[in-house]
Amino acid sequence: MDESGIDCCVIDTLATRDAYSRFLLKTLLRYVDTPYVLIVQWDGYVVNPSAWRDDFLDCDYLGAKWHWRDPPYRVGNGGFSLRSRRLLVALQDPRIELTEAEDATICLAFRDLLEHEHGIRFGTERQADAFSFEAANPITLPFGFHGLFNFYRVVSPDEFAVLVREFTPSIARSLQLMILGRNCLAMGYLGAAASVFRRILEELPGNAMARDGLTKAEASAGVQAAAGRNEPCFCGSGKRYKHCHGAVG
């Protein structure tokens, strides 16, 4: 442990999603000697520390809700998730093998086995909503989040230009970044949208969606600058600006 109080453990390269998933299922236990571990992938982090609730620790697994799943299989996403060491021990059961992504393996394929034979406790949907968000719009700001496409919710528009420059070529070529750009455009965060689309075009200069998005962002920025609050909104919704993107702002 260095002066920052952070202990870094170097592991072998995880070259594929399956390698990452197998590591979390079968190897992470070796590195965890605390009762709980917080899993945070690169495209998520804690955004509202005050939203922490002690009842999160009543769960062996807690992540953002999959709203498209049927109950009781809606909890949850592994990209920002809380897990107990008790769960990591239970995952050593030789019957538990990777079926798809590690969170789906735990929360779908082997949830019944983990609950009934190992006593593993999955969080409730209400706890999941208070803990994290990913694919659904949060009502209030939870403890954390996951998903590059959600950055427009948690990163200020002024920070985008700097942040986007840090994205690696593989991130710039990803579908998630394209979705983020389109989300920024839809919300009227025109400078952020333009920064995202420019970064994509640096890696994929022939990408028609990014070129179209950049054109719309730059054109809308000019209309927005000239439009009054009672003028039609630049997004083309037919509403007045003050009742559309002006209200969002």
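Start by selecting Glu202 and Arg199: the two form a salt bridge, with the closest N and O atoms 3.1 Å apart. The model on screen is a predicted one. Both residues sit in helix α10, three residues apart, which is about one turn of the helix. Colour the pair by accessibility. Arg199 is buried, at a relative accessible area of 6%, whereas Glu202 is partly exposed, at 44%.

Together the five residues are linked in a network of salt bridges. The count for the structure comes to 16 salt bridges.

Next, select Glu218 and Arg198. Which parts of the chain does this pair link? Glu218 lies in helix α11 (residues 208-226) and Arg198 in helix α10 (residues 190-203), 20 residues apart. Their closest N and O atoms are 3.2 Å apart, and the two form a salt bridge. Glu218 is partly exposed, with a relative accessible area of 44%. Arg198 is partly exposed too, with 41%.

Stay on helix α11 and select Lys216 and Asp212. These residues form a salt bridge as well, the closest N and O atoms being 3.3 Å apart. Because Lys216 and Asp212 are four residues apart in helix α11, about one helical turn separates them. Lys216 is partly exposed, its relative accessible area being 43%; Asp212 is partly exposed at 39%.

Now turn to the aromatic rings. The structure holds 13 aromatic pairs. Select Tyr45 and Phe145. How far apart are the centres of their rings? The centres are 4.9 Å apart and the planes stand at 85°, so the pair is edge-to-face. Tyr45 belongs to strand β2 (residues 44-46) and Phe145 to strand β6 (residues 144-146), so the pair ties together parts that are 100 residues apart in sequence. Is Phe145 buried or exposed? Phe145 is buried, with a relative accessible area of 0%.

Move on to Trp52 and Phe143. Their ring centres lie 5.3 Å apart and their planes are at 65°, so this pair is also edge-to-face. The pair links distant parts of the chain, 91 residues apart: Trp52 is in the loop between β2 and β3 (61-63), and Phe143 is in the loop between β5 (132-133) and β6. Trp52 is partly exposed, with a relative accessible area of 30%, while Phe143 is buried, with 9%.

For another kind of contact with a ring, select Trp66 and Arg69. Arg69 lies over the face of Trp66, at 5.8 Å from the ring centre.

Show Leu38, Val40, Tyr45 and Val46, which make a nonpolar surface patch of about 270 Å². Which elements give two or more residues to this nonpolar patch? They are β1 (36-40) and β2. Val40 lies in strand β1 and is partly exposed, with a relative accessible area of 39%.

How values were computed. Residues are numbered from 1 along each chain as its sequence is written. This is a predicted model: local features need pLDDT of at least 70, side-chain atom pairs count only at pLDDT 80 or more; totals for chains, interfaces and linings use all residues. Side-chain values use heavy atoms; hydrogens and water are left out. Rings of Phe, Tyr and Trp (its six-membered ring) pair if their centres lie within 6.5 Å; planes under 30 degrees apart count as stacked, over 60 as edge-to-face and the rest as tilted. Buried means under 20% relative accessible area, exposed over 50%, partly exposed in between (1.4 Å probe, protein chains only). A charge sits over a ring if NZ of Lys or CZ of Arg is within 6 Å of the ring centre and within 35 degrees of the ring normal. Patches are made of residues with over 30% relative accessible area and no salt bridge: like charges are joined within 9 Å, nonpolar side chains (Val, Leu, Ile, Met, Phe, Trp, Tyr) within 5 Å. Accessible areas come from the Shrake-Rupley method with a 1.4 Å probe; for residues, only the protein chains shown count as cover. A salt bridge is a side-chain nitrogen of Lys or Arg within 4 Å of a carboxyl oxygen of Asp or Glu.
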